[in-house]
Structures are given as C-alpha cells and as structure tokens.
Amino acid sequence: SASQASASSFAQASSASLAASSSFSSAFSSATSLSALGNVAYQLGFNVGTNLGLTNAAGLAAAISQAASSVGVGASSGAYANALSNAAAQFLSAQGILNTVNAGSLASSFASALSSVAASAAAQASSQSQAASSAFSRAASQSASQSAARSGAQSSSSTTTTSTSGSQAASQSASSSASQASASSFAQASSASLAASSSFSSAFSSATSLSALGNVAYQLGFDVGTNLGLTNAAGLAAAFSQAASSVGVGGSSGAYANALSNAAAQFLSAQGILNTVNAGSLASSFASALSSVAASAAAQASSQSQAASSAFSRAASQSASQSAARSGAQSSSSTTTTSSSGSQAASQSASSSASQASASSFAQASSASLAASSSFSSAFSSATSLSALGNVAYQLGFNVGTSLGLTNAAGLAAAFSQAASSVG
C-alpha cells in the first residue's frame with residue numbers, strides 16, 4: 001500500500017544517513033544495560049520530536065526507546081539506525097504526517113535532527129568534562145588524603161593501647177555523623193543553587209507523566225555524572241530518576257532541587273567522594289554542572305526549532321502543491337469532455353471523504369496528546385468568564401499558528417476562540 005511504501009522509503013533513507021553519522025554511531029556507546037539504553041534512546045527521541053515540532057514528542061520517544069531496547073546493548077550503529085528509522089516511520093505514518101510525497105524530505109529532516117541531537121550531547125559532554133573532572137579530582141584527592149590520615153591515626157592508636165575496641169566504635173560513630181553532616185551540607189548548598197537556576201526550573205516542565213519525568217531526570221543525571229567524570233554515571237542517573245519520580249509530575253523547582261540534591265549527596269557519600277572538607281566545593285560544582293546541562297538542552301531545542309519548522313512547512317507546501325495539481329487535473333478534464341458531470345461528482349465525493357478522514361485522524365491524534373498534557377490542562381484554569389476563555393484560546397491559537405509558520409495565524413486563533421467558547 002501507499003502507507004507501507006512511504007514508511008519503507010523513509011526508513012531506508014533515514015537508516016542510511018544515520019549509519020553514516022559518527023555522532024549517531026557513538027550515541028549508544030555509553031549504555032551498558034537495557035535500562036540505560038532505553039533511557040538514552042528515549043531522550044534522543046524526545047529531543048528530536050520536540051525539535052521537529054511534533055505534538056506527541058513523548059510518543060516518538062517511547063517508540064524509539066522500545067526499538068533500541070529490542071536491538072539490545074552493544075549492537076552496531078547500523079542495527080540501531082535501522083531499528084530507530086523503522087520505528088519513526090511507523091510512528092509518523094500513524095500520525096498522518098508521512099506520505100509518498102514527503103517521505104524523502106522528512107527522512108532527511110529526521111536523520112539530520114537525530115544526528116544533531118547526538119552531536120550536541122557529545123560536544124556538551126566534551127566541553128565540560130575537563131573542568132568538571134578537575135574539580136571532582138581535587139575533591140576526590142582531598143577525600144583520599146583524609147582517608148590516609150585517618151588510617152595512620154588508627155594504626156598509631158593500635159600500637160599505644162590494648163583496649164581499642166571502644167575507641168574504634170566511637171570512631172565509627174563519629175565517622176557516620178561526619179558523613180551525615182557532609183551530605184546535609186552538600187544537599188542544602190546544592191538545592192539552594194538549583195532552585196535559583198532558571199534553566200533547572202524549566203528542566204521538568206515538558207514531563208507530563210511519571211515515565212517521562214523519570215526519563216528526563218535520568219538523562220540529566222547521566223549527563224552530569226559523565227561531565228563530572230564519575231565512573232558510575234549510570235548510578236547517579238538512576239538515583240536522580242528515582243528522586244524525581246518520588247516528587248511526582250508537576251512539582252515545584254524547589255522540590256525537584258531538594259530531591260535531586262539529596263539523592264546526589266547520598267550517592268557521592270556512598271562512593272566515598274563526599275566529606276566535610278569538600279562538601280561546599282562539590283555542591284557548587286554539581287549545581288553548576290546540572291544547571292549547565294539543563295541550559296544546554298534548552299538552547300539546543302531553541303536553536304533547532306526554526307529549521308524544524310521550515311522542514312514541516314516544506315512538507316505542508318508539498319501537500320498544497322498536490323492539491324493544486326489535482327485541482328488542475330480536474331479542471332482540464334472538464335474542458336475535454338462534455339459528459340464530465342458524473343465523474344466530477346464522483347471525484348468531489350471521493351475528495352470530500354478523504355478530507356473528512358484526514359481531519360478525523362488529525363483531531364483524534366491531537367486530542368489524545370493534548371488531553372495527556374498537564375500544561376494544556378491548566379491553560380484555561382484562569383478563565384472565569386466566556387470573554388476571558390475566548391481571549392486565552394485566541395492567544396494560544398495565534399501563538400501556535402505563528403510558531404508553525406501559518407500565513408493566517410489570526411484565522412486559526414479565531415477558530416480556537418470560537419471552539420473554546422462553545423465548550424464554555
């Protein structure tokens with residue numbers, strides 16, 4: 001069928017481009033478990049979907065995550081390219097976006113966006129790793145020096161007394177208290193810095209489900225851990241994901257800052273990195289790295305949005321060209337035959353049915369995505385009158401139309417306003 005042909009054409013073109021991309025080839029190299037692999041793929045898919053202006057970026061992310069997991073850990077870049085391209089083709093086809101006319105251009109846009117997302121993540125990690133690693137290396141060195149000093153003191157003590165068991169117990173108790181104090185000091189300092197960071201504050205705004213929230217937190221944790229040179233970045237990522245999920249969807253930036261800072265404190269303490277001497281410096285390095293990761297992700301999405309809008313505008317233009325061509329063909333047919341009324345009526349009927357089917361498909365897919373969006377759910381909560389409701393809807397419609405490059409954004413805005421007012 002035409003749908004299968006479109007999907008196949010898209011998948012082949014996209015897979016070939018991705019397989020030849022060095023940034024994509026290394027995208028999954030850090031994933032050492034199925035869970036980590038799925039999370040990496042999810043974040044790539046979500047960023048690509050967002051950059052391409054898809055209304056259901058989370059749906060594409062889930063499809064890509066499932067596709068990568070089905071390939072497994074340690075596979076070739078070609079295997080991942082093929083799996084992810086096929087998953088994207090099926091998703092875009094089901095959303096009514098992909099067709100035989102735009103398959104090639106959309107495949108190019110998709111592969112380019114995915115390679116760009118992967119390259120941006122790699123460049124970000126590379127540019128920050130030396131400074132972050134140096135800060136954590138100094139802190140780790142302080143921790144090692146302290147451990148050596150404590151070991152020497154305990155050894156000296158053992159040679160001067162025969163009743164050390166009591167003092168050892170006291171030492172262990174003091175060590176535990178010091179560890180708790182270090183973790184508390186780190187968490188407080190880090191939480192205060194993060195809560196004041198605008199980039200961190202908006203980091204979780206796109207997460208509309210616990211699954212998406214966990215994935216966003218996991219990716220942030222993994223990127224921060226990698227940038228700080230931790231040997232177990234995946235462990236920090238998992239701790240982040242659990243901490244964010246415990247807060248839940250729609251939490252305040254302060255709540256997320258507190259949860260993630262406490263999770264990081266416990267993790268770094270358990271790794272033997274955090275102590276009373278370096279708690280302050282580590283908190284500063286950690287909060288700075290996390291804010292930077294969040295800001296980089298936001299900047300990446302912003303820098304790619306115009307290109308994405310342009311790509312989808314071209315796809316819309318192709319659709320308009322098709323309609324014009326069909327209209328021209330119908331007009332030509334009417335001038336070359338005197339018995340065209342029946343065929344024209346049949347053609348108009350078929351065109352009308354196709355139009356209704358397209359509109360129905362679009363409305364169902366869009367409605368399902370919007371109903372699952374917490375930001376959309378709260379959009380009309382402030383409207384306490386029909387007039388206010390209409391104004392809110394108008395502004396939303398106008399902004400969306402402008403963002404999508406529509407020439408008649410005001411027309412979409414008016415349609416939005418009338419539709420919302422009819423609901424009441």
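**Reading a helical chain**

Modeller: Please bear in mind that this is a predicted model. In it, Ser14 touches Ser85, Ala107, Phe110 and Ala111, once its neighbours within four places in sequence are set aside.

Biologist: In which helix does Ser14 lie?

Modeller: Ser14 belongs to helix H1, which covers residues 2-19. The chain as a whole has 16 helices and 0 strands.

Biologist: Is Ser14 buried or exposed?

Modeller: The general idea is that a residue is called buried when its relative accessible area is under 20%. Ser14 has a value of 0%, and is therefore buried. Of the 424 residues in the chain, 37% are buried.

Biologist: How should I read contacts across the whole chain?

Modeller: One looks at how far apart in sequence the partners are. Here, among contacts between residues at least 6 apart, 69% join residues at least 24 apart.

Biologist: What can be said of the surface?

Modeller: The chain exposes about 20,300 Å², and carbon and sulfur atoms supply 54% of that area. Leu396, Val400 and Phe416 form a nonpolar patch on the surface, with about 210 Å² of accessible area together.

Biologist: Why is Phe416 described as partly exposed?

Modeller: Partly exposed refers to values between the buried limit of 20% and the exposed limit of 50%. Phe416 is partly exposed because its relative accessible area is 35%. Phe416 is found in helix H16, residues 409-423.

Definitions and conventions:
Residues are numbered from 1 along each chain as its sequence is written. This is a predicted model: local features need pLDDT of at least 70, side-chain atom pairs count only at pLDDT 80 or more; totals for chains, interfaces and linings use all residues. Side-chain values use heavy atoms; hydrogens and water are left out. Patches are made of residues with over 30% relative accessible area and no salt bridge: like charges are joined within 9 Å, nonpolar side chains (Val, Leu, Ile, Met, Phe, Trp, Tyr) within 5 Å. Accessible areas come from the Shrake-Rupley method with a 1.4 Å probe; for residues, only the protein chains shown count as cover. A salt bridge is a side-chain nitrogen of Lys or Arg within 4 Å of a carboxyl oxygen of Asp or Glu. Helices (H or I, at least four residues) and strands (E, at least two) are DSSP runs, numbered from the N terminus. Buried means under 20% relative accessible area, exposed over 50%, partly exposed in between (1.4 Å probe, protein chains only). Contact means heavy atoms within 4.5 Å.
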